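Dear colleague,

I am passing on a structure for you to look through, and my notes on how its parts meet follow below it. Please keep it open beside you as you read.

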Amino acid sequence: MSKTPFDSSVFPLRHLLGIEGLSPLDITLLLDRANEYVELNRSVGGKLDTLSGRTVINLFFESSTRTRTSFELAGKRLGADVINMSVSTSSIKKGETLIDTAMTLNAMHPDVLVVRHGSSGAVKLLSEKVNCAVINAGDGSHEHPTQALLDALTIRRRKGRIDGLQVAICGDILHSRVARSNIHLLNVMGARVRLIAPKTLLPAQAERLGTEVFYDMKAGLKDCDIVMMLRLQTERMQSNFFPTVREYYHFFGLDYTKLEAAKPDALIMHPGPMNRGVEIASDVADDIGRSAIREQVEMGVGVRMACLEVLSLNLAAERPVADPNDSPVIDQGEHA
Amino acid sequence: MIYNPTPPEKTHAENRVAYVNARLLDPATGLDAMGGVLTQGERIVEAGAGLFTKDIPEDASIIDCRGQCLCPGLVDIRIQISGKDFANVGASAVAGGVTTAVCLPNTTPVIDDRSVVEFVARAARKAGLVKIYPYGAITKGLAGEELAEMGMLAESGAVAFTDGTSAVSNARTMAQALLYASTFGLMLVQHPEEPTLAHEGVMNSGETATRLGLSGLPKEAELIIIERDLRLAQMTGGRLHIAHVSTAESLDLIRAAKDRGLTVTCDTAPPYFALNETAVGDYRTFAKLSPPLRSEADREAIVEGLKDGTIDAIASDHTPKSEDTKRLPFADAAYGGVGMETLLPITLELVHNGHMGLLEALGLITQHPAELLGLPAGRLKAGAAADFIVFDPNRGWKVSDTELNSKAKNTPFDGRPVQGRVLKTVIDGRLVFDLEG
């Protein structure tokens, strides 16, 4: 299997913790690389050996099916040893702190940790305590960088560009890490971002992130090239974010009537998992001509291969030797 | 005499009626002059000074107003309907000159669902007479916990949202409600009373309550909710209206908020500028209201608030209660009084006492409340619905159970000599009340 040589020194970061702070160059590099992997994944079976001998640990503190599987597949296609750890069933239940878990895993010398955690900032905290590269697979309501990258790749392949596009992100922006990562990425790549939601599901001063805010679907969708729907977390209904699913769907669910306001060739996206009949009508979600929802999943594997590759090439060839007197991790305090 | 116009006469659409020889009063335009109004069917065709001084259209029937005042029908933005008693509400309304009324959502069933909005609209239509618009509930079942479907309720016709006679007391719930409502540009109307502080209070806290041995309800219960909600309105950008303010300090708070540019409005009810806590006197349960009648200083401040425009409107707070719920020891008696038939004369006391002009006073019960809720009412205008009243601002009468058309007689003004009486009420071009008819 052939692949183009790759200059790892181009990508400047040790971890991929978020989109915020990445340059258009960084993003383009990842997207170009991911695009090659998408083509490779389509044309040939079998494994690459790029990450042969490397260990990737999927450390998921929150349940996930698609993201974890996508990372697992990406690691295996690159020839890495991939281990899945679902922490909700493991040591966290026994009272181990996040940092202790990180320390334990660090001692096993993984090369890449792919981490999902329910608390914003937890992945960054963990990354400061380990020697390996860390990829954020979603932290709280903060960031989900690989989702934004795969969305960007989907858009670029369908529309040929990102620059200048009008993108609407609709739904539960307040709790969405997908929305935040996408806002950063789309802005830095030159798209114009709109947010559409009831005010209860919009974070304070959302317009300060470089977005235009709408409370009405038809007004917000007007002339949009891309319509990104977010999952409505119905468990939030009890906390007075919205009265009922029926009312939410009536005003903010994407159906063909509301979609008429967007451009005729507008692309419909959703990070999944979808609630049909809640934030999106089934017929819209399944519209082969307009919905890119399944394509997004496919792009996910290519994007994660690119991320794993780029970060592991930045790793030192030799693993650092653990030195108890010079731990980069724990403040030893007076015992040091 | 009250005329129930249903079923409508088929020929009504063509009917032309000329109301001649009237002193026209239209607060919206500042019109105060002799003139007339011509209606055709349900609409006003023409209204103006000097109209019909010479020629009256031949096909029009003529009603001579004999120099009396003619103004837009009263717009009462706070009434309660007990049970399913829509017909009785209408009789009381038109006798008081109220042509448009907005009812609280604490009907049976509660207006927290689209189907109930439609039920109320249908019941009110069937009863005829006054035009009734509903408030929708802020929270399901008025329980103060889960948001009601305000967006869809508004689409079905709810004009604004309130939990009626109870405050949304949880700060987080109120903040979310303001935020959510502002998504659709909807207004929330708050009953300002912090329930845990109000506790078991039954009248204003103070000397009178102490002498009577009744548990007091401190004014701070009102102030706390107003202060809190002004902050929440500022924080959320939500549209807030404070119902029936009753204390001097409430007005200080609202005045200050308006001065710093917050879009907030409030109303009061006639008892709060015409009565004080001494009206409770010898345990008169008709004077047991919510909020309670306050001190004389508070009453004077409410008058000032009406004069300087801090208070945007007057609403009757019409709350019919059966004798069974009022003939009880004071602490056990129900809150509230009927008010639609005393709305005009008590408001006119502000004029007779020299606090404000006639147009200004009428504006508080016609144009202003209509504009607050965006109701198509409160103006004498060509093309508008022919909803207006003819009244004598000086005619004296005494409020008593025999004079009231309301089935419930629980008025806090019982026995009070008042000045100003509705002579005729016209709704959709039909004469529905004629005192001398």
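In this predicted model, the C-alpha centres of domain 1 of chain A and domain 2 of chain A lie 25 Å apart. Domain 1 covers 15–142 + 296–317 and domain 2 covers 145–292, with bounds that come from an automatic or database domain assignment. Where the two are in contact (heavy atoms within 4.5 Å), 35 residues of domain 1 and 29 residues of domain 2 take part.

Together the domains bury about 2500 Å², of which 60% is on carbon and sulfur atoms; buried area here is the accessible area (1.4 Å probe) that two parts lose on being put together, summed over both. Of the area that domain 1 buries against domain 2, A:Ile19, A:Leu31 and A:Gln296 supply 31%, more than any other three residues.

The interface also holds 3 salt bridges, each defined as a side-chain nitrogen of Lys or Arg within 4 Å of a carboxyl oxygen of Asp or Glu. The side chains of A:Arg157 and A:Glu39 meet in a salt bridge, at 3.0 Å from N to O.

Residues are numbered from 1 along each chain as its sequence is written, while chains are lettered from A and ligands numbered from 1 in the order in which they are written. Local features need pLDDT of at least 70, side-chain atom pairs count only at pLDDT 80 or more, and totals for chains, interfaces and linings use all residues, while side-chain values use heavy atoms, leaving out hydrogens and water.

Best wishes
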